[in-house]
Amino acid sequence: MDMRELTIKKRDGVGKGPARRLRRGGQVPAVLYGGPSPVNVAVTPKDILRLIHGHEGSTQLFRVTLEGTKEAKMAIIRDMQFDPVSEDLIHVDLQEVAMDRAIQVTVAVHHVGDSVGVRDTQGILEMVLREVRVSCLPGNIPELLEADVTNLAIHDVLTVKDLKAPEGVRILNDPNQAVVTVAPPAAEEVAAVAAPTAEAAPAEPEVLTERKPKEEAAAEADKGGAEKKK
């Protein structure tokens with residue numbers, strides 16, 4: 001696979017004013033960590049989005065070059081900030097990495113296979129965990145990890161320990177954490193909730209105008225007493 005490239009350039013000003021001017025010029029502020037000290041740089045948003053396109057959820061390794069120099073370094077994107085309204089990229093954190101030193105990164109999880117619970121009993125496949133944390137050398141970062149759901153029936157759960165990581169890659173998540181499960185068909189769930197039970201059947205309401213036996217006896221006694229007075 002070809003190594004991806006990113007060109008960055010140094011920036012002098014810091015703060016809101018210089019950052020706004022930088023964005024108006026078609027670039028965004030960024031910081032390159034990992035060296036002797038952090039370096040304030042500028043990047044082009046479309047170059048950053050090109051790096052991650054099609055690889056959402058996974059950390060990408062790329063070669064970064066400072067504009068005007070031939071010195072290249074290996075780096076990853078540590079963080080990106082987006083405007084909550086426009087959703088435009090507004091800031092990027094880059095980290096220089098050493099190829100002989102393990103790092104912790106995020107890797108996407110994709111399901112593969114045709115679940116027996118979905119195919120045969122119309123269950124619903126639910127991805128509970130879409131990415132995991134791993135530790136590995138930068139050159140060993142996987143594009144993704146596959147979750148084989150072929151044998152999952154309804155109510156079955158595939159956990160982190162069922163994922164197969166490449167050699168040299170260690171998954172850091174709790175081994176018992178759920179990754180994929182198969183839920184019952186939606187129609188069955190609705191029917192189970194709607195079906196009344198004998199124990200739950202409500203009692204018939206008392207008719208308030210109907211006289212009880214004791215009340216009827218008292219009424220007859222009152223009526224008899226009234227007739228004797230006549």
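In this predicted model, β7 and β10 pair in the parallel sense over four bridges; strands count as paired if DSSP finds at least two bridges between them. Helices (H or I, at least four residues) and strands (E, at least two) are DSSP runs, numbered from the N terminus. Residues are numbered from 1 along each chain as its sequence is written. Local features need pLDDT of at least 70 and side-chain atom pairs count only at pLDDT 80 or more, while totals for chains, interfaces and linings use all residues; side-chain values use heavy atoms, with hydrogens and water left out.

**Sheet**

- An open sheet of four strands has the order β10-β7-β9-β12, with mixed pairing.
- β10 and β12 (170-171) are the edge strands, each with a single partner strand, so one side of each has no neighbour in the sheet.
- β7 and β9 run antiparallel and are joined by six bridges; I103 has C136 in β9 as its bridge partner.
- β9 and β12 are also antiparallel, with two bridges between them, and S135 stands opposite R170 in β12.

**Nonpolar cores**

- The largest nonpolar core has 25 residues, and V179 and V180 touch the most other members. Such a core is a set of buried Ala, Val, Leu, Ile, Met, Phe, Trp, Tyr and Cys residues joined through side-chain atoms within 4.5 Å.
- Two or more residues of this core come from each of β5 (72-82), β7 (103-112), β9 (131-136), β10 (145-148) and β13 (178-183).
- β7 gives the largest share, four residues.
- Leaving aside residues up to four places away in sequence, V179 touches V109, E126, M127, V128, L129, A147, L158, T159, V160 and L163. Contact means heavy atoms within 4.5 Å.
- A second, separate core holds 17 residues, including I8, L51, I52 and L94.

**Two loop residues**

- Q27 lies in the loop between α1 (16-24) and β2 (28-33). Q27 counts as buried because its relative accessibility is 17%, given that buried means under 20% relative accessible area, exposed over 50% and partly exposed in between (1.4 Å probe, protein chains only).
- The side chains of Q27 and K9 are joined by a polar contact of 3.3 Å. A polar contact is a pair of N or O atoms within 3.5 Å; within protein, one must be able to donate a hydrogen and the other to accept it, and residues adjacent in sequence count only if both atoms are side-chain atoms.
- Not counting residues up to four places away in sequence, Q27 touches K9, L22, A42, V43, T44 and P45.
- L172 lies in the loop between β12 and β13 and is partly exposed, with a relative accessible area of 32%.
- The C-alpha atoms of L172 and V132 are 7.4 Å apart, although 40 residues separate them along the chain.

**Whole chain and confidence**

- The protein chain has five helices and 13 strands, and buried residues make up 31% of its 230 residues.
- The average pLDDT (the predictor's confidence in each residue, from 0 to 100) is 84, and 80% of the residues score at least 70.
- Over residues 204-214 the pLDDT is below 50, and this stretch has four contacts in the model beyond near neighbours in sequence.
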